[in-house]
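This report concerns one protein chain, shown below as sequence and structure. It is intended to be read beside the coordinates.

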Amino acid sequence: MAKVQIENVEVLDNPTSYLNPFQFEITFQCTEDLSEDLEWKIIYVGSAESEEHDQTLDSVLVGPVPAGHHRFVFQANCPDTTLIPESDALGVTVVLITCSFRNQEFVRVGYYVNNEYSDPEMRENPPSKPQFDKVVRNILHTDPRITRFKIDWEDTMNNENIPPQQNIMSPPSSTNGMPCPCPCPLDKLTSNDLATPLNTDSNSSLPEYVSAMEH
């Protein structure tokens, strides 16, 4: 059983300008004292086609963590716009919050992000080159997704991830007609059901995870 459970994630300052920082208030529970830090990351998916355009916006070490409930605000600057393909600058993408213990990722929370111009005329006739200072970022906070991973909390497997059980879930709908393995489970993130561990776990690369969210 995981020693850390995310109880709630609140998206702050949303919607906002594309160039403003990301802000998340994270509440989590630790079932027993942890002798080492938890590493939290915010990752922006620049393109669903390849991990090449993923950007780790920030990472922070929290700990050592005593047993109990904890809350902190995680803030990260906006992505480097020069690293995002122009064709993927607008529209829907994904931002991920991950947490690791001893270099083992055990949970990943994903949100859809919609980027569009605030000016209706620019939405109808977008400029050839994206103008990010006129783009509004809207994180779809009501529909987060979570994936959990089995890890070795006791350091009995040389800090290697325990092989997860693979699951294939048929997506409810498709936007591009391409089937894709769906990391399971993908559950809505609420303080109630995240307090109870899921009975399946999975692993996936970021592009597969994005594809699953889009289906």
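Predicted model: local features only at pLDDT ≥ 70, side-chain atom pairs only at ≥ 80, totals over all residues.

## Strand β4 and its partners

Strand β4 comprises residues 38-45 and is mostly covered, with 6 of its 8 residues buried. It pairs with strand β5 (residues 55-62) in the antiparallel sense over 7 bridges. The pairing of β4 with β7 is likewise antiparallel and runs over 8 bridges.

## Ser100 in strand β7

Ser100 belongs to strand β7, which spans residues 91-101. Its relative accessible area is 12%, under the 20% limit, and Ser100 is therefore classed as buried.

Once neighbours within four places in sequence are set aside, the contacts of Ser100 are Asp37, Leu38, Glu39, Glu105 and Phe106.

## Asn115 in strand β8

Asn115 is located in strand β8, residues 104-117. With a relative accessibility of 1%, Asn115 counts as buried. The side chain of Asn115 makes a polar contact with the side chain of Tyr44, at 3.0 Å.

Residues up to four places away in sequence being excluded, Asn115 touches Tyr18, Tyr44, Ala89, Leu90, Gly91, Thr93, Val135, Val136 and Arg137. Two of these residues return below: Tyr44 is a member of an aromatic cluster, and Arg137 places its charged end over a ring.

## Aromatic pairs and cluster

The model holds 10 aromatic pairs. In one of them, the ring centres of Phe24 and Tyr111 lie 5.9 Å apart and the ring planes meet at 25°, so the pair is stacked. Phe24 is in strand β3 (residues 22-30) and Tyr111 is in strand β8, so this pair ties together parts 87 residues apart in sequence. Both Phe24 and Tyr111 are buried. A further pair is formed by Phe28 and Phe72, whose ring centres are 6.3 Å apart; the planes stand at 80°, so the arrangement is edge-to-face. Here too distant parts of the chain are linked, Phe28 being in strand β3 and Phe72 in strand β6 (residues 68-76), 44 residues apart. Phe28 and Phe72 are both buried.

Phe22, Phe24, Tyr44 and Tyr111 form one aromatic cluster. The ring of Phe22 also has the charged end of Arg137 sitting over it, 3.8 Å from the ring centre. Tyr44, in turn, is the partner of Asn115 in the side-chain polar contact. Asn115 touches both Tyr44 and Arg137.

## Cysteines

The model holds 0 disulfides. Cys99 is in no disulfide, and the nearest cysteine sulfur, belonging to Cys30, is 9.9 Å away.

Cys78, at 21%, counts as partly exposed, because the limit for a buried residue is under 20%.

Conventions: Residues numbered from 1 in each chain as written. Heavy atoms only, no water. Helix = DSSP H or I, 4+ residues; strand = E, 2+ residues; numbered from the N terminus. Buried < 20%, exposed > 50% of the residue type's maximum accessible area, 1.4 Å probe, protein only. Contact = heavy atoms within 4.5 Å. Pairing = 2+ DSSP bridges. Polar contact = N/O pair within 3.5 Å; in protein donor to acceptor, adjacent residues only side chain to side chain. Phe/Tyr/Trp six-rings, centres within 6.5 Å; stacked < 30°, edge-to-face > 60°. Lys NZ or Arg CZ within 6 Å of the ring centre and 35° of its normal. Disulfide = S-S within 2.5 Å.
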